[in-house]
Amino acid sequence: MDLLERLPDNRVCYSIKEVAHMTGMSQRTVLRRIADGSLPAIHSQGRTLIPKTSP
């Protein structure tokens, strides 16, 4: 997602809630995008994280 790549911070991943807030999408829409493969996600220790750049 190009929007995340343009952010000036040094973070590697964002939570679903953060991505929803930054993009204006609902959390449910972010989850739908992850499910249909249009938004990459990493599942780690029970959390779903969206990488700043595609893996």
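Analyst: Happy to! A word on conventions comes before the details. This is a predicted model, so local features need pLDDT of at least 70 and side-chain atom pairs count only at pLDDT 80 or more, while totals for chains, interfaces and linings use all residues. Residues are numbered from 1 along each chain as its sequence is written, and side-chain values use heavy atoms, with hydrogens and water left out.

Here is the setting. The protein has three helices and three strands, where helices are DSSP runs of H or I with at least four residues, strands are E runs of at least two, and both are numbered from the N terminus. Read from the N terminus, the order of elements is α-β-α-α-β-β.

Now to β1 itself. The three strands make an open sheet in the order β1-β3-β2, with antiparallel pairing; two strands pair if DSSP finds at least two bridges between them. β1 (13–15) and β2 (42–44) are the edge strands, each with a single partner, so one side of each has no neighbour in the sheet. From one strand to the next, the twist averages 45°. Axes here are lines fitted to C-alpha atoms, for helices over the stretch in contact, and angles run from 0 to 180 degrees between N-to-C directions.

The partner of β1 is β3 (residues 47–51), joined to β1 by three bridges in an antiparallel run. Cys-13 has Pro-51 as its bridge partner in β3, and Ser-15 stands opposite Leu-49. Ser-15 is buried, at a relative accessible area of 15%; buried means under 20%, exposed over 50% and partly exposed in between, using a 1.4 Å probe and protein chains only. Leaving aside residues up to four places away in sequence, Ser-15 touches Arg-47, Thr-48, Leu-49 and Ile-50, with contact meaning heavy atoms within 4.5 Å.

On the other flank of β3, β2 pairs with β3 in the antiparallel sense over three bridges, and His-43 has Thr-48 as its bridge partner. These two strands form a hairpin with two residues between them, and Gln-45 in the turn has a positive phi of about 50°.

Next come the helices. α2 lies across β1 and β3, at about 90° to β1. The axes of α2 (residues 16–23) and α3 (residues 27–36) come within 8 Å and cross at roughly 110°. The two helices are therefore roughly perpendicular to each other, a label for 65 to 115 degrees, where under 35 is roughly parallel, over 145 roughly antiparallel and the rest oblique. In that contact, Ile-16, Lys-17, Val-19 and Ala-20 of α2 meet Gln-27, Val-30, Leu-31 and Ile-34 of α3.

Finally, the core. The largest nonpolar core has nine residues: Tyr-14, Ile-16, Val-19, Ala-20, Met-25, Val-30, Ile-34, Leu-39 and Ile-50. Such a core is a set of buried Ala, Val, Leu, Ile, Met, Phe, Trp, Tyr and Cys residues joined through side-chain atoms within 4.5 Å. α2 gives the most to this core, with three residues. Ile-34, one of the core residues, touches Ile-16, Leu-39, Ala-41, Thr-48 and Ile-50, not counting residues up to four places away in sequence.
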